[in-house]
Amino acid sequence: MEIRTFDQLLEEAKKRGRKKLAVAFPEEVSLHAALLAYQAGIAAPILVGVPDKIRELLRQAGADVDAFQIEEAGSPAEACAVAVSLAHDDKVDVILKGGAQTAQMLHAVLDKDNGIRASKVLSECSLYEDTRVRHSLLAVVDGGILIAPTLEEKVEAIRNTVNVYHKLGYENPKVAVLAAVETVTDKMPCTQDAAIIARMSERGQITGCVVDGPLALDNAISERAATIKGLSGSVVGNADILIVPDIEGGNLLGKSMSYFAGFTSAHVTIGARKPVLVPSRADDGRTKLMSVALGIVAYY
Amino acid sequence: MGPMIHLSDIPAAVKGLPRKRMAVAYGEDAHTLQAVQRAVREGIVDAVVVGSAAKIAEVAAASSVDTSLFEVMDVQGEMPSVKAAVKLVREKQADILMKGLAHTDNYMRGILDKENGLLPEGGLLSHVSVFEAPNYPRLMIVSDVAVVPLPSLQDKVRITKLTIGVAHSLRIDVPKVAFLSASESVLKFASSQEAAILAGMAVRKQFGNIIGEGPISIDCALFPDVCEIKGFTGRIRGDADVIIVPNIESGNVFYKVLCRFGGGDVAAMVTGAAAPCILSSRGDSEDSKFYSIALGALNA
C-alpha cells in the first residue's frame, strides 16, 4: 500500500516497534522531537551529551529523568561522533541532531573510520503532506544539503529518494526533474541536466522509478497544465518526487508549501546507513514527530 | 507520395519542378563539365559555368562535352571565378552553387566571405549527405561529416535543423533522427551527454515533428536485429532516417567507409547558405555528382 498521509506514515512507523534514537547534544528542540517520538511509541531515545545538563532539560520538559539512557559527551562535536559511532556499531537506529552544527553532524556521518556513509551522496528528502489539492505526499529533493548539485549528485539524490519511496510502498514512483520550463535550452543548464537524467532513466541507468524532465512545477503536479502544454507520459501531472535544480529552489518551494499552503512536512537526510534527522527550530511538533517516523519507515 | 527511398527518386522529383539555375565556380575540368552536361541534358538544371572561356572550350572539346548546353561566363583565374559564381547566387541570377576545379578551401572562402558571401549573419554551414545503401531499406541522411570541425551543442542543434530540412525535401515527413554516440547508455563524455540533451529537445518537440533518439550507437540506429539482441527498446530501432554524428572525425570516417564499402551511392551538398552549395570531388562517381546536383535543385 502506498503511504499517502502522515497518519499512515506514523502507523507504519509504529509497526516497526520502538527504534533506538540517538540525540546528539540535546537541547529543547531535539529533546522535544525525541519525547514526542517516545510518547508516540516509535522511539527509545538515547541522549548523548553532558549528563547533568540533559537531566536538567528533562526536568524542565516535565519528563521522567530516569526513563532514558544517557551517553556522555562533553561537546557538540563529540556528541555527534558518539551518536554516529553507536550507529556505526548498530547500537542506534536513528540519529537526531541536537545542539550541534549541521556541518559537525555531517562530518561525523562521513568519517572514514567510524562514519556511516552508504551512498555516494547524502541528500535531504523532504516530504510534504498535501491535504488540499492532490491528497498525497510530495517529496522535494534537495532543499537542505546539496547546494548546487552536479548531474551526478542529482542522479544519486534521485536514487536515494527512490529507495525511500519503495519503503513507503511505491513500486515505481514518478520523478519530475524540475526547471522553469519544460523545454531544453543551454540558457538554463538545469534543463539540460534534466534531459540527460530523463534519458538515463529510459536507458535503465536509473531504476525503480519513472523519470521525466525538464518539467516546470505546474506540469509536474497539474494534469491540466500538462495537457495545455501538450505534454504526455505517466509523470506529468502526477509526480511523487520533485527534483529541484538547486538548494534555493528547493528551499523556496518547500517553505512555500509549509507557510502558504500550510502543508505539514517531514525531513530526513538519506544516503547514510542510518537515517539522520536535522530538525529546525521553526519546526512544529507534528513535523518533528513525522520526521522521526519518516526516518524509521525509510530505513526499517 | 511516400518518402523517397532511392537516390534516383531525387532527379525524378526535380523534373516536375520549375527549372533551377546552377552557377559553376571555376568549371574548367572534364569531371565538372561532364556532370553539368548530364544534369542539363536530363533536365535537372540550367547552368552557367564560370571560368576561362578558352579553357572551358578546350576541355569540353577534349571530353566530348557540348558547350551549347550551358552558358559560359568568361572569368580568368580560380578565386575570381569563385567570387563571380558566388555573386550570381547572391544576386539571385542562380539558385545553386557548384564547385568546379576550385580548391575546396577557396570555394568555401567564397561562400563564407562576410561581405560578398552566401552565409546569412549568425548562420552555420553544414554538410549533408544522403546515402542509398543496398542493405538499408531507406535513404540515410548523415550530417555533419565535412564542414563544422568542433561542433558545440548549439552547432549540433543547427546542424540537426538543417538536416531535418533536407529530410523533409526527401518527403520524409516525420524523420527518425539518431543522435549518435558510442553507446546507448548516457556516459560521462560530451558526445553522449549532448546526444541525451538533443534527444530531450526532440522529445519536447523543439525540432518540430520528428522522432529523436540518443545517445545511440550506429548499429542500433541502423540494424533492427542488433536492437533485438541488445534488448534496446528506444524510439529508433534500426530504422533511422537521419544520423547526426558526434563530430567531424567520426562522421568523416563513417562517410568515407560507407562510400567505399557501402556498395551504394551518395548525394551531398552544403546547407545553411543562401543557396545549396554542391561540393563534389573528382573521386565521386558520375551518378553521385548527378544526384548531388539534383539534391541541390530539390532544396533550392
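Chain A is divided into domain 1 (6–118 + 272–294) and domain 2 (124–259), the bounds being those of an automatic or database domain assignment. The centres of these two domains of chain A, taken over C-alpha atoms, are separated by 29 Å. The model is predicted, so that local features need pLDDT of at least 70 and side-chain atom pairs count only at pLDDT 80 or more, whereas totals for chains, interfaces and linings use all residues. Residues are numbered from 1 along each chain as its sequence is written, and chains are lettered from A and ligands numbered from 1 in the order in which they are written.

For chain B, the assignment gives domain 1 (9–119 + 273–299) and domain 2 (126–261), with 29 Å between their centres over C-alpha atoms.

Between the chains, 13 residues of chain B are in contact with 12 residues of chain A, contact requiring C-beta atoms, placed from the backbone, to lie within 7 Å. On the side of chain B that touches chain A, α6 (153–169) and α7 (190–203) each supply at least two residues, helices being DSSP runs of H or I of at least four residues, numbered from the N terminus. The largest share of this side, six residues, comes from α7(B).

The 17 residues of α6(B) should span 24 Å at 1.5 Å a residue, and the end C-alpha atoms of α6(B) are 25 Å apart, which agrees; the expected span is 1.5 Å times one less than the number of residues. Buried residues of α6(B) include Lys156(B), Arg158(B) and Leu162(B), buried denoting 20 or more other C-beta atoms within 10 Å of a residue's own, with C-beta atoms placed from the backbone. Just after α6(B), Arg171(B) takes a positive phi of about 65°.

How values were computed:
Two residues are in contact if their C-beta atoms, placed from the backbone, lie within 7 Å. A residue is buried if 20 or more other C-beta atoms lie within 10 Å of its own, exposed if 12 or fewer, and partly exposed in between; C-beta atoms are placed from the backbone.
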